[in-house]
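Student: I've got this one open on my screen and would like to talk it through. Can you walk me around it?

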Amino acid sequence: MTIRVLIADDQQLVRTGFQMILDAQPDMEVVAAVADGAEAVSEARRLRPDVCLLDIRMPKLDGLEVTRVLAGPGVENPQRVVIVTTFDLDEYVYGALRSGATGFLLKDSGPTLLIEAVRAAAAGDALVSPSVTVRLLQHLTQPRRTALPANDPLTDRELDVVRLVARGRSNQEVAAELFVSLSTVKTHLGSIFAKLGVRNRVEIAAWAWESGVVS
């Protein structure tokens, strides 16, 4: 199956570079490369790409607003959005994660992580790279000790799963570290999604850092 990708970035060199990298992959096709957020929304709705790769800073609509429109809470048939950020400048990328982004990477991460980010998003996996996940979440969030769900609290084992997810572990790695089966991990994740009211692994990770469960 070919992964259809939309690229939105106001820098021509970035768009061209990303498109060359992705089009060179046998399983990827760039279906649109646009320069502003408004066009990103229009083309994403028209073409329904598998992954939207968005710069966080663009004219007309920034990446945060585009993410809300395409993937935010209440959006019917939300699209998969990967945010591209300049690490030292785009501190509000955390807001993009809360707005429905399924992944993120640093703009200077290089071709390997770019390809990994797109493939991960297309597969429904929110976390791109453990090191990127941890560094960004540590940098962008300040623990605010968000209360644990009172009516249906997480179990100790569910908290173990949350901590590992927040550190970028895959389901297989969580299963290996906790000495449980893969199906047990998936069961725990389903319960965690329901109790926290989150939609993906990035939101679990963000909640863990925000609440102080991981520090």
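Student: How many helices and strands are there in the protein?
Tutor: Keep in mind that this is a predicted model. Buried residues make up 52% of its 215 residues. As for the secondary structure, the count is 10 helices and 5 strands.

Student: Of the contacts with a separation of 6 or more, what share comes from residues 24 or more positions apart?
Tutor: We're counting pairs of residues with heavy atoms within 4.5 Å. Among those with a separation of 6 or more, the share from residues 24 or more positions apart is 68%.

Student: Let's go to helix H2. Which of its residues are buried?
Tutor: H2 covers residues 37-47. Strands S1, S2 and S3 and helix H3 are among the elements covering its buried side. The buried residues are Gly37, Ala40, Val41, Glu43, Ala44 and Leu47.

Student: And which residue caps the N-terminal end of H2?
Tutor: Look for a side-chain oxygen 3.0 Å from the backbone nitrogen of Ala38. The residue that supplies this oxygen is Asp36.

Student: What does UniProt place at Asp55?
Tutor: Asp55 is part of strand S3, residues 51-55. With 4% relative accessibility, Asp55 is under the 20% cut-off and therefore counts as buried. Leaving out neighbours within four places in sequence, Asp55 is in contact with Ala8, Asp9, Asp10, Gly63, Val84 and Lys107. The UniProt record, an unreviewed entry, places this feature there: "modified residue: 4-aspartylphosphate".

Student: Now for Met28: how far is its C-alpha atom from that of Asp50?
Tutor: Met28 is found in strand S2, residues 28-34, and is buried because its relative accessible area is 5%. Its contacts beyond four places in sequence include Thr2, Ile3, Leu22 and Ile115. Asp50 is 22 residues from Met28 along the chain, and the C-alpha separation is 9.9 Å.

Student: Last stop, the largest pocket. Which residues are closest to its centre?
Tutor: The space in the largest pocket is about 290 Å³. Among the 16 residues that line this pocket, the closest to its centre are Arg80, Thr102, Gly124, Arg199 and Asn200.

Student: And how many of the lining residues are charged?
Tutor: By class, the lining of the largest pocket includes 6 nonpolar and 5 polar residues. Asp, Glu, Lys and Arg are the ones counted as charged. In this lining, the number of charged residues is 5.

Methods. Residues are numbered from 1 along each chain as its sequence is written. This is a predicted model: local features need pLDDT of at least 70, side-chain atom pairs count only at pLDDT 80 or more; totals for chains, interfaces and linings use all residues. Side-chain values use heavy atoms; hydrogens and water are left out. On a 1 Å grid over the protein atoms alone, a cavity is a set of points where a 1.4 Å probe fits but cannot get out, and a pocket is an open set with protein on both sides within 12 Å along at least five of seven lines; lining residues have an atom within 4 Å of a point. Grid points are joined across faces, edges and corners, and a volume is the space filled by probe spheres set on the points. Helices (H or I, at least four residues) and strands (E, at least two) are DSSP runs, numbered from the N terminus. Buried means under 20% relative accessible area, exposed over 50%, partly exposed in between (1.4 Å probe, protein chains only). UniProt positions are given in the numbering used here, feature names are shortened, and annotations may be inferred rather than shown by experiment. A polar contact is a pair of N or O atoms within 3.5 Å; within protein, one must be able to donate a hydrogen and the other to accept it, and residues adjacent in sequence count only if both atoms are side-chain atoms.
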